[in-house]
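Please read the following note beside the sequence and the model.

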Amino acid sequence: MAMTTVDQLQAHASSLERRRRLYTGLGAAIFAILVVLGFIGAEEMNSGGFVQGLEKFFDYPGNIVSETAEAGTGWFERLWIYLPALIETINMAAVATIFGTVFAVFLSFAATRDLQVWPPIIPVARRIMDITRAFPELILALFLIFMLGSSPVPAIIAVAFHTAGALGKLFSEVNENIDRGPLEGMTAAGASWTQRMRWAVLPQVLPNYTSYMLLRFEINIRASAILGFVGAGGIGSELRKAISWANGADIAALFVLLFLTIMVIDQISGHVRRRLVGGMFVGAR
Amino acid sequence: MSAITADEAGRLESTYGDVLRTHRRQFLWPVGLLVLVVVYLAYAFFAFGVPELIAKSRLDRGVLLGLDSVAYKVHVEKNLRRDRFEVAVEGERTATYDEASLPDWVGVTGASGNEGRVDIDMGGGYSFVIEGERLTVTGPGMSAPFTVTAGDTLSWEGDVPSWIELNPKKVDVKLSLFQRAQVTSGRILVFRYFWGWEDFWFDFRSPLNGLSAGELWALAWSDERIDPEMSNAALIVDEFWGNEGWQHGDVFKALLETVIMAFLGTVVAAAVGLPLAFMAAANVNPEPVSRFVIRRFFDFVRGVDMLIWSLIFIRAFGLGPLTGVFAIALTDTGTLGKLFSEAIENIDNKQVEGMQSTGAGALARYRFGVIPQILPVFISQSLYYLESNTRSATVIGALGAGGIGLKLVETLRTGKDWENTLYIIVLTLMVVIAMDITSGWLRRKLTGAGRD
């Protein structure tokens, strides 16, 4: 081996450093070019320009606010009128979350290596999760609306389908991180597979499952509201009507309802999640 | 071990009552929860009117639609009133075969008008013959040919198998999904389906239609120009890109718009969210009022939701990717800002103190004391949102922001070109999965390197 002097080492180190800087610089330059090109492209493809748009930006919210002010106290009645639509949307999200979670649990158990399932099923379950996760809800919903007609059910199926994949992946990550001790203990005691899953795995994963499920419920409320726009009923349909009739007071009422619901669910689920996941760690230590 | 006696059970109950009761409670509440869920689902079942939905649903539509998205049909039509005979792909005027070059399974003898005879080989040994105003069906399993006459009133004779439906106004021959015919007064229409997407590469009328890859390759290098205006290679690209049925060029542009929306939206959100996150973190910004204001701002833009923002931006900026970019950017400034500020609050303060002890200024402290610690979170969350925004961009695109989502809704609305719909769905899925893989790869690469 050749003699290495301190000078050589230093030279080597500084050449490495220069190369690192060059790569970082190149990466940053490519990134910057992409961003600039993207903006130029987006500006060109857009039907209205950015600068003109900026002036008009507050017009629409302004209109909505002024029409709401004109409606006066009658506006609060609208909140009440639209409540059933909101409940329908929440129900859609809830049913979709329940079904999605059930499928996700099965998929995630089938996709985890440590849980002693039949091995050939593992890659199959993983691919199923990849595909269901990648499928935008909207596409499936539109397809099902064509077949089943306008109703909340197509949206529920679509949201549940996506939820199964998205939650399944998160669940399987939880499954992979369990403590294997209880599982081995149960195996040593001669427990069946169902018993092992019920008493060794489920207690460990349930708090995290619930936490992810609540997070998903919140996301699904937004998704259900959006799907209402394409004919799935609920608050999205009402919002679409209000917007096409340009009825400012109604639009404001619906915005406020949606905003409040998302806020409330966010707060509740955040609280429950902190208790669940925090509680598990307290229990474990 | 023997069974426990009643005395022994009583003793156990009194000694370990607490343990047993807890066990029973633990057993009871999942059952209770299950009952609750079932009751709720039963309520939902009726609240959403599932029974009526099932009664009204059109599953046959689904079958046809599924078939149509992976196969195409060629119409053979004889219109007796207009004395016209036509063979056309999907019955479209732009895709009508010339009389000289009919498909080989259609044979015309004599004049093709009302007097001529048309032999149609339907595959599987079945043949449909149109003579004047009569359609004759022969094939395996039929004791005698079935003939229907499409006069002012329909009349028929011969063997009627189960797959022929007779009505006074319409006779439906449904040999299989791939072989069908419909006879109404004055009109005979035969459909034969083929697997695949018709004219996917080039238009029906294009000079390049039906050429194989080898022929195209040879053509691209040959000097004899089909179109004197441009070289053959340019013509091939042009004909493919401008395919009217499939609109490859437009679809590609729309996909690009969607990717731009997701990419720029996430970049802006991360770039705006990071400095705001510093201002919202208690260990960086000691001033509570500004912290409170920024945090509520995060909550507000996050809570209003991308859908609503995109509707407002459409009014201001019009249709197009810019609208999508801002809707995504604004919503995710809230989400990413919140995540980043939590990461900043959870850093190890020793590095910042170390920097401070060397007399470093505020900027240097953040650059070398804080940023290296939150970099993995910053990169992995940004990439995760880039991936999920690709999906969101499709959705807000469909609501009017443009891009592939809008394109998809257009093809769905016409409800006819299901193969185009499937094409767009497949492309969208490919882009989403590609984004997923790329962001996962980058995440491992970048955060892995950050930890070394």
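1. A residue is called buried if 20 or more other C-beta atoms lie within 10 Å of its own, exposed if 12 or fewer do, and partly exposed in between, with C-beta atoms placed from the backbone. By this rule, 36% of the 285 residues of chain A count as buried.

2. This is a predicted model, in which local features need pLDDT of at least 70 and side-chain atom pairs count only at pLDDT 80 or more, while totals for chains, interfaces and linings use all residues. Residues are numbered from 1 along each chain as its sequence is written, and chains are lettered from A and ligands numbered from 1 in the order in which they are written.

3. Chain A contains twelve helices and zero strands (DSSP runs numbered from the N terminus: helices are H or I, at least four residues; strands are E, at least two). Its radius of gyration, taken over C-alpha atoms, is 27 Å, whereas a compact globule of 285 residues would have a value near 19 Å (the globule rule is 2.2 Å times the number of residues to the power 0.38). The C-alpha atoms of chain A fill a box of roughly 85 × 65 × 40 Å along the principal axes.

4. The contact between the chains takes 42 residues from chain A and 52 residues from chain B (two residues are in contact if their C-beta atoms, placed from the backbone, lie within 7 Å). On the chain B side, helix α9 (residues 306-317) gives the most, with seven residues.

5. The largest nonpolar core has 124 residues, and those touching the most other members include Leu142(A) and Ala327(B) (such a core is a set of buried Ala, Val, Leu, Ile, Met, Phe, Trp, Tyr and Cys residues joined through C-beta atoms within 7 Å). Leaving aside residues up to four places away in sequence, Leu142(A) touches Val230(A), Val409(B) and Leu412(B). Another core, of 21 residues, lies apart from it and includes Val87(B) and Ile130(B).

6. An unreviewed UniProt entry places the feature "transmembrane region" at residues 27-48, 259-282, 306-330 and 421-442 of chain B; such annotations may be inferred rather than shown by experiment. In the model, residues 27-48 of chain B are 95% helix and 0% strand, with end C-alpha atoms 32 Å apart. Residues 259-282 of chain B are 92% helix and 0% strand, and their end C-alpha atoms are 36 Å apart.
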